[in-house]
Amino acid sequence: MVGKTILVTSGKGGVGCSTVAVRLALAFARRGVTTLLGDLAWGNPAQDVLCGLAERVVYDVRDVLCARVDPRRASLPVVSVQNLTLLPGTTVFDGVPGDAEVIRLFETLRGGFDQDVMILDVPKETVTVLSEFADVTLAVTDFSTASLRATAALNFSQRATVRAVFNRYPTDREKTKIYPTVREAIDLAGLPLAAILFDDPRLPQDDEISPGQFPERPLLDAPCKNLSVRLTGGHAPLLTGLIRGRKRQKTLAQMGKRRLENA
Ligand SMILES: Nc1ncnc2c1ncn2[C@@H]1O[C@H](COP(=O)(O)OP(=O)(O)O)[C@@H](O)[C@H]1O
Ligand SMILES: [Mg+2]
């Protein structure tokens, strides 16, 4: 049986839901945590391409949903990454499966694998019902008002544990100042914050030129590694953890002062 179950979803398309799912899976796997990445984006899968396995897919999640194959037979090891296994998504699907079918699929996957962590890339139509059963649900958004509003409009089970992941924080924000602040974004999304990933202009090229290779990308990898640590009960900074020593002390002192001023 799978240890911990994590759903990754988004209110709006194109904001990085699949990217966050695969990067978080990668972060767990690199820490030696055995990880299953499942693609439940009905008719619109991405993970097989991102993991460089598009040509190798024989069975997919639809075959498991219809109980045509054992979930283990439908899964593939991600060649370039130890400890990472992919259950590919289906290109053929009209609409989304019903609640009962999705719950049965979730239980089949949870019981059918023995990985430490299972991460599912899930569309918003499916997350409503599954969020009740997963340990954590992560709602990915960028800093656009449209995406933040779509995040606030997502429906989750009342028993779900839901956190926001902010993606594509511009590294040159100080110069542009066109985005809402993190605090404003939290307010708009209406969810507690789990992680902030930076915008990395080199990422889309990686996806195209070397799918499945995952060269080091600290702007995403550091926040994802820290998120993976926090999700398994450890302590790690929200961002990179790169502020150390005297600069860290100064930053903390400033924060303390500000808190006193605001009190
Ligand atoms: N942090 C990031 N920095 C740069 N590009 C990103 C980042 N996150 C996602 N992207 C790019 O945005 C596009 C959409 O991402 P994707 O994960 O497919 O979104 P979704 O699954 O929400 O539709 C992809 O081309 C991806 O490479
Ligand atoms: Mg996607």
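Begin by selecting Gly 16 together with ligand 1: a polar backbone atom of Gly 16 is 3.0 Å from an oxygen atom of the ligand. This is a polar contact, that is, a pair of N or O atoms within 3.5 Å; within protein, one must be able to donate a hydrogen and the other to accept it, and residues adjacent in sequence count only if both atoms are side-chain atoms.

The model is predicted, and local features need pLDDT of at least 70, side-chain atom pairs count only at pLDDT 80 or more, and totals for chains, interfaces and linings use all residues. Residues are numbered from 1 along each chain as its sequence is written, chains are lettered from A and ligands numbered from 1 in the order in which they are written, and side-chain values use heavy atoms, with hydrogens and water left out.

**Around ligand 1**

Next select Thr 19, which has a polar side-chain atom 2.6 Å from an oxygen atom of ligand 1. The protein covers 79% of the 560 Å² of accessible area that ligand 1 has on its own; such areas come from the Shrake-Rupley method with a 1.4 Å probe, and for residues only the protein chains shown count as cover. Now display the 16 residues that surround the ligand, the closest being Gly 14, Cys 17, Thr 19, Phe 198 and Asp 200. A residue is included if one of its heavy atoms lies within 4 Å.

**The sheet**

Switch to a cartoon view and follow the open sheet of eight strands, in the order E3-E4-E2-E5-E1-E6-E7-E8, with mixed pairing. Its edge strands, E3 (76-77) and E8 (193-198), each pair on one side only. Helices (H or I, at least four residues) and strands (E, at least two) are DSSP runs, numbered from the N terminus, and two strands pair if DSSP finds at least two bridges between them.

Select strand E2 (residues 35-39), which four bridges join to the parallel strand E4 (residues 84-87). Thr 35 stands opposite Leu 84 in E4, and Leu 37 stands opposite Leu 86 in E4. Five bridges join E2 to E5, also in parallel, and there Leu 36 faces Met 118. Thr 35, Leu 37 and Asp 39 point one way from E2, Leu 36 and Gly 38 the other way, and all are buried. Buried means under 20% relative accessible area, exposed over 50%, and partly exposed in between (1.4 Å probe, protein chains only).

**Helices across the sheet**

Show helix H5 (residues 99-112), which lies across E1, E4 and E5 and runs at about 150 degrees to E5. Axes are lines fitted to C-alpha atoms, for helices over the stretch in contact (heavy atoms within 4.5 Å), and angles run from 0 to 180 degrees between N-to-C directions.

**Two further residues**

Select Thr 137 in strand E6. Thr 137 counts as buried because its relative accessibility is 0%. Not counting residues up to four places away in sequence, its contacts include Leu 7, Val 127 and Phe 156.

Finish at Pro 237, in the loop between helix H11 (218-231) and helix H12 (245-262). Pro 237 is partly exposed, with a relative accessible area of 39%. Beyond four places in sequence, Pro 237 touches Asn 226 and Arg 230.
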